[in-house]
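Open the model in your viewer and keep the selection tool ready.

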Amino acid sequence: MRNKQFVNSLIFIFLIIISMQISVFGKEQWIQVKTDNFTLIGNTDEKQITKVGIKLEQFRESLRRLVPGLSADSPISTTVIVFKDDNSFKPFKPVNSEGKIMDWVAGFFQAGLDKNYIALSFEKKNENYYQTIFHEYTHYLIDYNIGRSNMPPWFSEGLAEYYDQFSVSQDSIVQLGGENRSHLEILKSNELIPLETFFNTDYETFRLQNKHKANLFYAQSWALIHY
């Protein structure tokens, strides 16, 4: 677990809020919010979308300062799509090689030639939506700085799970590497994936897993990176 005091954090947060531009369009009240580095579009509450933008800007700036050599200045813009619930998100969820929707997915990052996308659901029953945001943006940073295909799933997912425990308190103290109680419970109540299987799991195999197996893979990846 690491803590870092940022003297100028209040300044960049205020600049983010001041620079926001908000637009409303469509019958379902789709709202667009622009921050310095993100365009956010959602069919949920304006305050929620705005908060997502602020959280992402805080996360981006914190990692830029904490991780030497990390670049977050991709020439390709990033659009974040925030769905109000799982029902509106479901038609856009990724599918596996059999063409079946991966229902267990809470969010995903999709790289593109001219634009990157982060999509997630703001489902009220899911209390981990901010973790999903940080998780998916970590995948973006991995893809841009290293190339996601250049590292195995356990390492990529483990990093994303480690950094998604990001939190800010008093608008100036950033904490990384927090305890993930859900993962700890999963690890306590399940037999671990054999290491040979774990380390040799490729992205296609990972995509084919059901929710239970995927959650165990996430938990084991998190534990390995964390410790």
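Select Thr79. Its relative accessibility is 6%, so Thr79 counts as buried; buried means under 20% relative accessible area, exposed over 50%, and partly exposed in between, with a 1.4 Å probe and protein chains only. Thr79 sits in strand 5. Helices (H or I, at least four residues) and strands (E, at least two) are DSSP runs, numbered from the N terminus. Now show what surrounds Thr79. Beyond its neighbours within four places in sequence, Thr79 is in contact with Thr39, Ile41, Lys115, Asn116, Tyr117 and Ile118. Contact here means heavy atoms within 4.5 Å.

A word on the ground rules. This is a predicted model, where local features need pLDDT of at least 70 and side-chain atom pairs count only at pLDDT 80 or more, while totals for chains, interfaces and linings use all residues. Residues are numbered from 1 along each chain as its sequence is written, and side-chain values use heavy atoms, with hydrogens and water left out.

**Salt bridges**

Side chains of opposite charge can pair when their charged atoms come close. A salt bridge is a side-chain nitrogen of Lys or Arg within 4 Å of a carboxyl oxygen of Asp or Glu. How many salt bridges does this rule give? The count is six.

Pick Asp73 and Arg60. Their side chains form a salt bridge, 2.5 Å from N to O. Asp73 lies in the loop between helix 2 (46–66) and strand 5 (77–83), and Arg60 lies in helix 2, so the pair ties together parts 13 residues apart in sequence. Arg60 is buried, at 7%.

Move to Lys93 and Asp86. Here the salt bridge spans 2.9 Å, N to O. Lys93 is buried at 5% relative accessibility. Asp86 is partly exposed at 26%.

Next, select Asp103 and Lys90. They meet in a salt bridge of 3.8 Å, N to O. Both Asp103 and Lys90 lie in the loop between helix 3 (86–89) and strand 6 (107–110), 13 residues apart. Asp103 is partly exposed, with 44% relative accessibility. Lys90 is partly exposed too, with a relative accessible area of 35%.

**Aromatic rings**

A pair of aromatic rings is described by the distance of the centres and the angle of the planes. Rings of Phe, Tyr and Trp (its six-membered ring) pair if their centres lie within 6.5 Å; planes under 30 degrees apart count as stacked, over 60 as edge-to-face, and the rest as tilted. The model has 21 aromatic pairs by this rule.

Select Phe38 and Tyr137. This pair is edge-to-face, 5.3 Å centre to centre with 75° between the planes. Phe38 is in strand 4 (residues 38–42) and Tyr137 in helix 4 (residues 129–145), 99 residues apart. Both are buried.

Jump to Trp154 and Phe199. They are edge-to-face as well: 5.2 Å between centres, 75° between planes. Trp154 lies in helix 5 (residues 153–163) and Phe199 in helix 7 (residues 195–199), so the pair ties together parts 45 residues apart in sequence. Trp154 is buried at 17% relative accessible area; Phe199 is partly exposed at 37%.

Now show one aromatic cluster: Phe38, Phe59, Phe109, Phe134, Tyr137, Tyr140, Tyr144 and Phe166.

Last stop: Lys55 and Tyr130. The charged end of Lys55 sits over the Tyr130 ring, 5.3 Å from its centre. The rule asks for NZ of Lys or CZ of Arg within 6 Å of the ring centre and within 35 degrees of the ring normal.
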